[in-house]
Amino acid sequence: MNDNEETETEKHYNDKDMTSEDEQMLEEMVIKLRDWAGAQPHLVNPRLDDRFLLRFLRHRKFNFNDSQLLLEKYMKARTKFPHCFQLLDIETPGVLDLLSNGYVFPLPETDHHGRVVIFGIAGIMDPKRHKPSDSFRAYMSTFEVLLDDENAQKQGFSYIFDQTEFRVSHFTSVGLRELQRLMSTGEKAMPISHRKIHWFNMPRYLLFIYELFKNLLSQKIQERMVVHWNLESLHSHFPRKILPKEYGGEHSVKELAGRWVETLRQKREHLLSLDKMQYDESKKPTQTTDDDGSYGIMKFMGRLARLDIL
């Protein structure tokens, strides 16, 4: 079988609602991906547990080849951008300060669509006190823990970003080139379904930065963005009770952020253990073959076709 052919399992999943899964077929795909990942010399110490592998399979609708590629991209990004993906330590002073004050945390209940809602408050970050790596690691710690949840894998995430105190200094502290690289890598390498992104109270004098930021993302993600200028607009998309008290809900930002910090503390050793995963380009096979060797042949034929030799 070559890489362009779908197995019966993959066809089954591509044609069905991903919220309903056949347990036997699911197990077969997990075993297949585990066997493949464990046999790759350039994927050093990959996680091979079901919850981890299911992130990639579900995100790629159980297309095995796409899941392989995504897993590779994920591990490569972890190695290439250690200041974002590694040392996810809740006890790092800057990270702890951001998370304790509500820089990013999940809301206690899902939205109308059953999606986990990630809430972020840009103004919590102080470029004079917090490093860009503190911001990246706060978000990556949050994603890594939430992505182990089955519902988050199936339904994806909604986001609410309060931009009230966002300043130009927040943008310039990272730099456009670095931001572009990270946005591209994050969108392509993380097994995350970004379902809807809600920007709240964006300062109008910074709308040009918002437009610039949008252009760093794919057209699909851009179309999922909504800007709200008041709470009434936000409430039309989310039940009030799930929002922080400051936005019409029941529990304060400080309380919700504190709960999330405790969750991350419980997961601290697990998050730090992720650094064992590495991507070693020097060990990557120059040619990967399936059992019958057809993949290498197809790849070679494709190159000849591009050179107009065939």
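The following dialogue works through several features of a predicted model.

Trainee: How many helices and strands does the protein chain have?

Mentor: This predicted model has 16 helices and seven strands in the protein chain. Of its 310 residues, 48% count as buried. Among contacts between residues at least 6 apart in sequence, 74% join residues at least 24 apart.

Trainee: What describes two packed helices?

Mentor: Two packed helices are described by the angle between their axes and by the distance between those axes. Here, helix H3, residues 50-59, packs with helix H4, residues 64-80, at an angle of about 125°. The axes of H3 and H4 are 8 Å apart.

Trainee: Which residues of H3 meet which residues of H4?

Mentor: From H3, the residues are Phe52, Leu53, Arg55, Phe56, Leu57 and His59. They meet Ser67, Leu70, Leu71 and Tyr74 in H4.

Trainee: Where is Lys61 found, and how is its accessibility classed?

Mentor: Lys61 is found in the loop between H3 and H4. Its relative accessibility is 48%, so Lys61 counts as partly exposed.

Trainee: How should I read a pair of residues that are separated along the chain?

Mentor: Lys32 and Phe64 are 32 residues apart along the chain, and their C-alpha atoms are separated by 8.4 Å. Lys32 is found in helix H2, residues 23-38, and counts as partly exposed at 27% relative accessibility. Another case is Ser233 and Phe200, which are 33 residues apart along the chain, with 9.2 Å between their C-alpha atoms. Ser233 is found in helix H13, residues 231-235, and is partly exposed, with a relative accessible area of 24%.

Trainee: Is strand E4 mostly covered or mostly uncovered?

Mentor: Strand E4, residues 157-162, is mostly covered, with six of its six residues buried. Phe157, Tyr159 and Phe161 point one way from E4, whereas Ser158, Ile160 and Asp162 point the other way. The residues of both groups are buried.

Trainee: In which sense does E4 pair with strands E3 and E5?

Mentor: A pairing is read from its sense, its bridges and the residues that stand opposite each other. Strand E3, residues 116-121, pairs with E4 in the parallel sense over six bridges. E4 also pairs in the parallel sense with strand E5, residues 194-200, over six bridges.

Trainee: Which residues stand opposite Phe161 of E4?

Mentor: Gly120 stands opposite Phe161, and Phe161 also stands opposite Trp199 in E5.

How values were computed
Residues numbered from 1 in each chain as written. Predicted model: local features only at pLDDT ≥ 70, side-chain atom pairs only at ≥ 80, totals over all residues. Heavy atoms only, no water. Axes fitted to C-alpha atoms, helices over the stretch in contact; angles between N-to-C directions. Helix = DSSP H or I, 4+ residues; strand = E, 2+ residues; numbered from the N terminus. Contact = heavy atoms within 4.5 Å. Buried < 20%, exposed > 50% of the residue type's maximum accessible area, 1.4 Å probe, protein only. Pairing = 2+ DSSP bridges.
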